[in-house]
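Q: I would like to learn how to read a structure feature by feature, taking the general idea before the particular case. Could we work through one together?

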Amino acid sequence: MLSHHDNELMCRVEGDAPMGKIMRSHWLPACLSEELPEVDGKPVRVRLLGENLVAFRDSEGRVGVIDEKCPHRKASMALGRNEECGLRCLYHGWKVDVEGNVTEMPSEPAGSTLTEKVKVKAYKTHEAAGFIWVYMGDQDKVPAFDAPVFQPTADTKISIAKAKIDCNWAQILEGAIDSAHSSTLHSTDMVPARKTQAEADDQLWYRPSTDRAPRLQVEETPFGFRYAAIRRPIKDAKTHDYVRTTLFIAPYTVQIPPNNRYNIAILHVPIDDTHTAFHFIAWGNRETTPDTETWRKFLALQIGVDLDASFNRFNTYANDYGQDRIIMKTGESFTGIRGIPNQDIAMWETMGPIADRSEDRLGASDLAIVQFRRQMVRAAKVVADGGPAIGATEPRIRHSELKSFEGIVSKGTEWRTLGRAPGEALLEQSEETPAQVEVAAS
């Protein structure tokens, strides 16, 4: 359980909130590259950490992310004309470039020097891995962009599904590090099978275990933490374990275990205190990783079918998330809700805009969630006291080198050795590495 104060500390990101300062110390996904498909195209509204911004691709292909409000009289620049390397406000024609410079003021007298005195808030951007990334911290101290965990090589195939969720970022991320819920909530879509590893086809995910109560073990790391969910396999249960490791990469990324076709990562980017941009990502080699539309169809997050063009969902609390009680009765679906993420979304949103964690009753299966709460509350307090943000200090490991793991291994295998990035062995032995935590499920 968390106190009300610590819950607020972990969840709030707007203004000068410590958790918002942590987010501002990292590159954040502002929007998908596909949302800005052409030069001088339609600008896109972006809301991050409680700030209303607008993203646009200028005549030279550069991407700007600037304050949505025109500095003149605060009309929306999202409605402006995108032309000749700048956004032109419709009201009086003031034009702003990708760096926030006001380059034209046609409503001002010739010879006016006002353009030299006005600057629009603009954040540094970087385009990579299917996203427009933005750095919202000190613009004079912008760190080099580090390729995300889902882009280990330049030619990695990446497919991204996106949706806007009406609740706080932390309760969504907690769902991604909750291994126990998949055996119940996703039981129709993640089914036990007599296989040697996790597999996937176009309809289902398969796992070689019927064990619904995994034993969890956690290892804190400089990037966040890694945890293992250890289950009995269907075959050779006396001599082997089925191990799945998940990585929390602070402050907003989770890498869950792969299957035989592709890897998976989830990004939980705070729009504001009570709304989140959720990204479910498949990546891997080009032969077996699904293309974007196939991936979105599998997840029931297709634009025009499940979402509008701004990634708002058609199935919400108001219509019980499209739940079909008939297929629940027939056994076709445990939840009656289509798509793995949509099943999760129904759980997250019905907790409320910000879940009251002071009333939680946690068990052994919640070890990773306890670790996340402790670590991020501690991280927020460090920043509130003027210290550095979690994941933004040395020693650091390139995110693109991090790996999760899943597989059947002999009993007694040290799971912490499985799927480690190059250089992690040295960090593991460092005196500064936090102690390991272990809890066995009853």
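Q: How many residues lie between β18 and β19 in the hairpin that they form?

A: This is a predicted model, in which local features need pLDDT of at least 70 and side-chain atom pairs count only at pLDDT 80 or more, while totals for chains, interfaces and linings use all residues. Residues are numbered from 1 along each chain as its sequence is written, and side-chain values use heavy atoms, with hydrogens and water left out. Strands (E, at least two residues) and helices (H or I, at least four) are DSSP runs numbered from the N terminus, and two strands pair if DSSP finds at least two bridges between them. In the hairpin of β18 and β19, six residues lie between the strands.

Q: In which sense do β18 and β19 run, and how many bridges join them?

A: Strands of a sheet pair through backbone hydrogen bonds, either parallel or antiparallel. Here β18 and β19 (residues 263-272) run antiparallel and are joined by four bridges, with V254 having I266 as its bridge partner in β19. Strand β17 (residues 240-249) also pairs with β18 in the antiparallel sense, over three bridges, and these two form a hairpin with three residues between them; L247 stands opposite Q255 of β18.

Q: Which residues of β18 point one way, and which the other?

A: From β18 (residues 253-256), T253 and Q255 point one way, whereas V254 and I256 point the other way, and all are buried, a word that means under 20% relative accessible area, with exposed meaning over 50% and partly exposed in between (1.4 Å probe, protein chains only).

Q: What is the order of the six strands in the open sheet?

A: The order is β1-β10-β9-β4-β3-β2, and the pairing is antiparallel. The edge strands, each pairing on one side only, are β1 (27-32) and β2 (44-48). Within this sheet, β4 (residues 63-67) and β9 (residues 122-128) pair over two bridges, and I66 has A122 as its bridge partner in β9.

Q: Which residues have the most contacts inside the largest nonpolar core?

A: A nonpolar core is a set of buried Ala, Val, Leu, Ile, Met, Phe, Trp, Tyr and Cys residues joined through side-chain atoms within 4.5 Å. The largest one has 102 residues, and F150, W205 and F372 have the most contacts inside it. Helix α8 (residues 367-384) gives the most to this core, with nine residues. Apart from it lies another core, of 16 residues, among them C70, L87, M105 and V118.

Q: Where does R261 lie, and where does D202?

A: R261 lies in the loop between β18 and β19, and D202 in the loop between β13 (199-200) and β14 (205-207). Their side chains meet in a salt bridge (3.4 Å, N to O).

Methods. Salt bridge = Lys/Arg side-chain N within 4 Å of Asp/Glu carboxyl O.
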